[in-house]
Amino acid sequence: MWYHRLSHLQSRLQNLLKGGMTCQALQQPNFKSLFPVAIHWHHTASRSLNCVWQQLEDHFELQYADTVMRFDYVWLRDHCRSASCYNSKTHQRSLDTASVDLCIKPKIIRQEETTLFFTWPDGHVTRYELDWLMKNSYEGQKQKVIQPRILWNAEIYQQAQVPSIDFQSFLETNEGLKNFLQNFLLYGIAFVENVPATQEHTEKLAERISLIRETIYGRMWYFTSDFSRGDTAYTKLALDRHTDTTYFQEPCGIQVFHCLKHEGTGGRTLLVDGFYAAEQVLQKAPEQFELLSKVPLKHEYIENVGECHNHMIGVGPVLNIYPWNKELYLIRFSREKQNMISRQKSSSLQSCAPKRMLTYCQLICRTSSECRENHYIK
């Protein structure tokens, strides 16, 4: 088993894809109905842009693309993308944030087509593209899905007939890599066939995707049921549904498994979409979803076997969501590694956590959610 980070995976796919994915935007209330009629809105753009804005005392308000956005003036000045404030080659800011006046306000705001120009008290001019403001506003982020996914149970995944990628095509062509990344990002799993049964070839495959992460097990390692390490994975006991490295502060983003040799019976791979199970909880019991996304649990790994002495603790909720759009991005689920849930009278959320974990466990363990593969992963 090899652990492997997903740090630049999505950007690589975007470079390979000619087109992009579109996400359905949430409907927003009528902008003008939210404010008194007496407020004067600037209609300086062409009607096709549907853009109006208002300069208020402590912030700037903009309606664009049927979305109401509010920007703090300090934030706007701090995010200036002019050559003196931002290095476009390194994509890093040059402006000292501490030098920005907390009471700053623009002297003049004007618009030309799809660009807003802010003139600040010291004469500095900042230009903002309307699409850039939309993309980087809190209100715009609420409508945006960071990572589109296809949620699946056993039936959905089998009907999708997601193709595996040939090893040579994966290594040698952008098309093979693109198809692999599409499968992985949409479904959370992807398969490569005809990989030679060696660690060297498996390492080539992993490095084709991203950097290989160093762990307490090393970068690449073999494991079998010899209990050479203090983990259930090194025994003949069956492993229940779980996510790995929950005891890391930053659990691994992608794992690569390659069965090099198999003798005897057993060892089949069981796959479950935890995001699908989480969506079921959200739809059927939203209050339980909220608890699972708010209550932090401690996951612990204690190892004292041979020369290996490790004690690692990772803390976080079962379901990790982005706070601005409630999108799920990470699951920590391992009953084997989960430590004792403290019962505190002062925390109603903490006391409810065991029941909510049971609900999620039941959904995860439903046979209809399972996708079973042969013992080997090619």
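Strands E8 and E9 pair in the antiparallel sense over 5 bridges, where two strands count as paired if DSSP finds at least two bridges between them and where helices (H or I, at least four residues) and strands (E, at least two) are DSSP runs numbered from the N terminus. This is a predicted model, in which local features need pLDDT of at least 70 and side-chain atom pairs count only at pLDDT 80 or more, while totals for chains, interfaces and linings use all residues. Residues are numbered from 1 along each chain as its sequence is written, and side-chain values use heavy atoms, with hydrogens and water left out.

## The chain as a whole

The chain has 378 residues, of which 43% are buried; buried means under 20% relative accessible area, exposed means over 50%, and partly exposed lies in between (1.4 Å probe, protein chains only). The chain holds 11 helices and 18 strands. Among its contacts (heavy atoms within 4.5 Å) with a separation of 6 or more, 63% link residues 24 or more positions apart.

The average pLDDT, which is the predictor's confidence in each residue from 0 to 100, is 80 for the chain, and 74% of the residues score at least 70. Over residues 17-40 the pLDDT is below 50, and this stretch has 26 contacts in the model beyond near neighbours in sequence. Residues 340-349 also have a pLDDT under 50, and for them the model has 8 contacts beyond four places in sequence. Where pLDDT is low, the predicted coordinates should not be read in detail.

## The sheet around E8

Strands E7, E8 and E9 form an open sheet of 3 strands in the order E7-E8-E9, with antiparallel pairing. The edge strands are E7 (108-112) and E9, each of which pairs on one side only, and the twist averages 20° from one strand to the next, with axes taken as lines fitted to C-alpha atoms (for helices over the stretch in contact) and angles running from 0 to 180 degrees between N-to-C directions. Strand E8 is largely enclosed by the rest of the structure, because 4 of its 5 residues are buried.

E7 and E8 are joined by 5 bridges and run antiparallel, and they form a hairpin with 2 residues between them, where Glu113 in the turn has a positive phi of about 55°. The hairpin of E8 and E9 has 5 residues between the strands, and here Gly123 takes a positive phi near 95°.

A second open sheet of 3 strands has the order E2-E3-E4, again with antiparallel pairing. Its edge strands are E2 (52-55) and E4, each pairing on one side only, and neighbouring strands of this sheet are turned by 15° against each other on average, direction ignored. E2 and E3 are joined by 4 bridges and run antiparallel.

| Residue | Bridge partner | Strand of the partner |
|---|---|---|
| Ile108 | Thr119 | E8 |
| Phe118 | Thr126 | E9 |
| Gln54 | Glu61 | E3 |

## The nonpolar cores

A nonpolar core is a set of buried Ala, Val, Leu, Ile, Met, Phe, Trp, Tyr and Cys residues joined through side-chain atoms within 4.5 Å. In the largest one, which has 23 residues, Phe60, Leu62, Leu76 and Phe118 touch the most other members. At least two residues of this core come from each of strand E3 (59-64), strand E4 (67-72), helix H2 (73-78), strand E8 (115-119) and helix H3 (130-136). A second, separate core of 17 residues includes Ile165, Phe170, Phe184 and Val192.

Leaving aside neighbours within four places in sequence, Phe60 is in contact with residues that include Trp53, Met69, Phe71, Leu76, Ile109, Leu116 and Phe118.

Thr126 lies in strand E9 (residues 125-129) and is buried, with a relative accessible area of 0%. Its side chain makes a polar contact with the side chain of Trp120 (3.0 Å); a polar contact is a pair of N or O atoms within 3.5 Å, and within protein one must be able to donate a hydrogen and the other to accept it, while residues adjacent in sequence count only if both atoms are side-chain atoms. Beyond its neighbours within four places in sequence, Thr126 is in contact with Cys80, Arg81, Leu116, Phe117, Phe118 and Trp120.

Glu303 belongs to strand E14 (residues 297-305) and is buried, with a relative accessible area of 1%. The side chain of Glu303 makes a polar contact with the side chain of Tyr301 (3.3 Å).

Lys204, in helix H8 (residues 199-209), is partly exposed, with a relative accessible area of 48%. Lys204 and Leu171 are 33 residues apart in sequence, and their C-alpha atoms are 8.1 Å apart in space.
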